[in-house]
Amino acid sequence: MRTKLAAVAMALMALTGVASAQTPPASARPKAAPSGKTEVTWWGHAAFIVRTPGGAVIAIDPWLQNPTAPKGAPWPEAVDAILITHGHFDHVGQSKELAKKTGAQVFGCYELISLLGVGDKGVGANVGGTFKVKDATIHFVEAVHSSSYAADEKSTPQYAGAPVGYVIQIENGPTLYHAGDTGLFSSMATIGEQFKPTVAMLPVGGHFTMHPADAAQAARLLKVQRLIPMHYGTFPLLTGSPEQLRGELKKVRGAAKVVELEIGKPTAL
Ligand SMILES: [Zn+2]
């Protein structure tokens, strides 16, 4: 019985890559963000590159070829971790190519990582999972959305587990919350109480996610100081805007400040 269990555990670890997490070679290691700051670069849509004071480089939902991505900007050369919120194409983006190029570990829901084909670079987990990447602690948190994955346009999408959000606690830096694609949900209050995020990346485009009025409520539940609006303007359907978010925050007397990131420009937080 014991051997059987051990074999199952080994197979699971091999599948998710937990047992074989690797560090990229020294030559590929990223530089720390300058002057002890955490630096965030928005690539448009829900894609961000985060650089921590301790030298961790974390890519979130790296759809680096999205229609609003910085034209001609080189991809990050060294990445430690890629966090994927769910299996839709506009979030998986170029995760596989980026992982191959940089040797980064790829984090996501267990079912999604099993489908993705990133071998021992994959770390399949779920809500509640916590991982340390240099000076960053990454938590999988709830999101209210759907998740399926198709390897290409001709393939039938397959069930890809639960969608997730991520909280990233950075030593001597901010605590970031990237909500992924989600509607408004009351447990955002729990995320706020548990992790006390200081900066939240929230979708505001509507149609598939929260619109600005919901995002203003989310800010209240999270008790967060700064909001980075995302997931708007990429397609005509995503009509919400940072301007509308400011208006909605005023209506509910929300204290959070809207921080509009310029696409492609590293911003210290
Ligand atoms: Zn989605």
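Select the open sheet whose 7 strands follow the order E6-E5-E4-E3-E2-E1-E16, with mixed pairing. Strands, like helices, are DSSP runs numbered from the N terminus: a strand (E) has at least two residues, a helix (H or I) at least four. Two strands pair if DSSP finds at least two bridges between them. At the edges of this sheet are strand E6 (122-125) and strand E16 (267-268), each pairing on one side only.

Before going further, note that this is a predicted model, in which local features need pLDDT of at least 70 and side-chain atom pairs count only at pLDDT 80 or more, while totals for chains, interfaces and linings use all residues. Residues are numbered from 1 along each chain as its sequence is written.

Now select strand E3 (residues 57-60) and strand E4 (residues 81-83), which pair in the parallel sense over 3 bridges. Ile60 has Leu83 in E4 as its bridge partner. Contact here is between residues whose C-beta atoms, placed from the backbone, lie within 7 Å. Axes are lines fitted to C-alpha atoms, for helices over the stretch in contact, and angles run from 0 to 180 degrees between N-to-C directions.

Move to E5 and E6, which run parallel and are joined by 4 bridges. Cys109 has Ala125 in E6 as its bridge partner. Both faces of E6 are covered, with Gly122 and Gly124 on one side, Val123 and Ala125 on the other, and all of them buried. A residue is buried if 20 or more other C-beta atoms lie within 10 Å of its own, exposed if 12 or fewer, and partly exposed in between, with C-beta atoms placed from the backbone.

Next, select the open sheet of 7 strands in the order E7-E8-E11-E12-E13-E14-E15, where the pairing is mixed. Its edge strands are strand E7 (130-133) and strand E15 (257-258), each of which pairs on one side only. Strand E12 (residues 175-178) and strand E13 (residues 199-203) run parallel, joined by 3 bridges. Tyr177 stands opposite Ala200 in E13. H6 lies across E12, E13 and strand E14 (226-230), at about 150 degrees to E13.

Which residues of H5 and H6 meet? Met188, Ala189, Ile191 and Gly192 in H5 meet Ala218, Leu221 and Leu222 in H6. The residues of this contact divide into 6 nonpolar, 1 polar and no charged. Here Ala, Val, Leu, Ile, Met, Phe, Trp, Tyr, Cys and Pro count as nonpolar, Asp, Glu, Lys and Arg as charged, and the others, Gly among them, as polar.

Finally, select Val141, in strand E8 (residues 136-142). Why does Val141 count as buried? Val141 counts as buried because it has 23 C-beta neighbours inside 10 Å. Not counting residues up to four places away in sequence, Val141 touches Val127, Val164, Gly165, Tyr166, Val167 and Ile191.

Technical notes. Contact = placed C-beta atoms within 7 Å.
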